[in-house]
Amino acid sequence: VPPVHLVPAGDVKGIPAGLVAADEMVSAIRRFDRASDGPVHVEDFAQVADVEPMFKYTESGASYDAIGAIVRQLVGQHGFDDFVGRLVAMIVVGNTDAHLKNWAFVYPDGRRPELAPVYDFHSLTVYSTYRYAPLALSLAGEKVPQSIRLDHFRRMAEHAGSDPERTAEVVRSTIHRLRDAWSGDLRAEATTRFEALAVEFERRLASLPIAAS
C-alpha cells in the first residue's frame, strides 16, 4: 500500500473549512502517481483492456485470471505472485468490489510497468447488505468467495503459464501472514476503532475455505 499516516487535520493543507476540526485525525495517503519531478503514468486495467468505465465489472468479459496472465506477461513471476497475494487478502477481508479500475500498472521510469500499490481496498462484506456479495470478477470461473479453494488459484496459475504449486504456496503463505498480523496489535486496534469490522474479519478467517489453506 502507499504510505499512510493518521495526522491532525490542522497539519494538512487544502481541507475545506468546516469539514473537520483542526485537532481531528485524518488519514493522509501519499499519492503514488506523483513524484518530485512531476506526474507518474498510471494505467488501470479498464484502460489496459480497452474497456469503458461503465463496463468495469464482468460485462467486459474480464476475469482475475485474465488480469493475472497480463501481470505475469508484463511484470514477470514476482508480479504475478504479488497479484495472487493481493487476491487472497481481498477475499479474506471481504473486498468483493475489486473491479477492473481497482487494479493498475504504474510506470516509474515511464516505460516498464509494475503493479501499482493497493488502492480502494476495503471490506464491503462488513455491511449486512453485501455480506454474501459475489466477487466483482471471476476466479477460475467462480465468483462466490465461500466456494473458492486452492484449486481455483491453481487453475488461474495454469492460465497464466505459472507453476500451480508455487501459486498454491503463495496462497498458503499469504493466509499465514494474514493470521499472524491479525493475532497481534491489529486485532485489538480494529476492535477499538471499528468493532463490526473486527467481528467480520474473525468470521471470514473462521469460515472461508481458502482461509483454511
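A pocket is found on a 1 Å grid over the protein atoms alone, as an open set of points with protein on both sides within 12 Å along at least five of seven lines, while a cavity is a set of points where a 1.4 Å probe fits but cannot get out; lining residues have an atom within 4 Å of a point. The model is predicted, so to speak of local features needs pLDDT of at least 70, side-chain atom pairs count only at pLDDT 80 or more, and totals for chains, interfaces and linings use all residues. Residues are numbered from 1 along each chain as its sequence is written, and side-chain values use heavy atoms, with hydrogens and water left out.

**Exercise 1.** Describe the largest pocket and its lining.

Step 1. The largest pocket holds about 1,400 Å³ of space, where a volume is the space filled by probe spheres set on grid points that are joined across faces, edges and corners.

Step 2. Its lining has 37 residues, and V1, V93, F121, L186 and F201 lie nearest the centre.

Step 3. Among the elements that each supply at least two lining residues are β1 (4-8), α5 (164-182) and α7 (195-207); helices (H or I, at least four residues) and strands (E, at least two) are DSSP runs, numbered from the N terminus.

Step 4. By class, the lining of this pocket divides into 22 nonpolar, 7 polar and 8 charged residues, where Ala, Val, Leu, Ile, Met, Phe, Trp, Tyr, Cys and Pro count as nonpolar, Asp, Glu, Lys and Arg as charged, and the others, Gly among them, as polar.

**Exercise 2.** Find how α2 and α3 are placed relative to each other.

Step 1. The axes of α2 (residues 64-74) and α3 (residues 77-93) come within 7 Å and cross at roughly 150 degrees; axes are lines fitted to C-alpha atoms, for helices over the stretch in contact, and angles run from 0 to 180 degrees between N-to-C directions.

Step 2. The two helices, α2 and α3, are therefore roughly antiparallel, since angles under 35 degrees count as roughly parallel, over 145 as roughly antiparallel, 65 to 115 as roughly perpendicular and the rest as oblique.

Step 3. In this contact (heavy atoms within 4.5 Å), the residues of α2 include Y64 and I67, and those of α3 include F80 and F83.

**Exercise 3.** Which class does the pair α6 and α7 fall into?

Step 1. The axes of α6 and α7 lie 5 Å apart, at an angle of about 135 degrees.

Step 2. This makes α6 oblique to α7.

Step 3. On the α6 side R187, A190, T191 and R193 take part, and they meet E195, A198 and E202 of α7; by class, these residues are 2 nonpolar, 1 polar and 4 charged.

**Exercise 4.** In what order do the strands of the open sheet lie?

Step 1. The sheet has 3 strands in the order β5-β6-β7, with antiparallel pairing; two strands pair if DSSP finds at least two bridges between them.

Step 2. β5 (41-44) and β7 (114-115) are the edge strands, each pairing on one side only.

Step 3. Between β5 and β6 (residues 104-107) there are 4 bridges, and V42 has V106 of β6 as its bridge partner.
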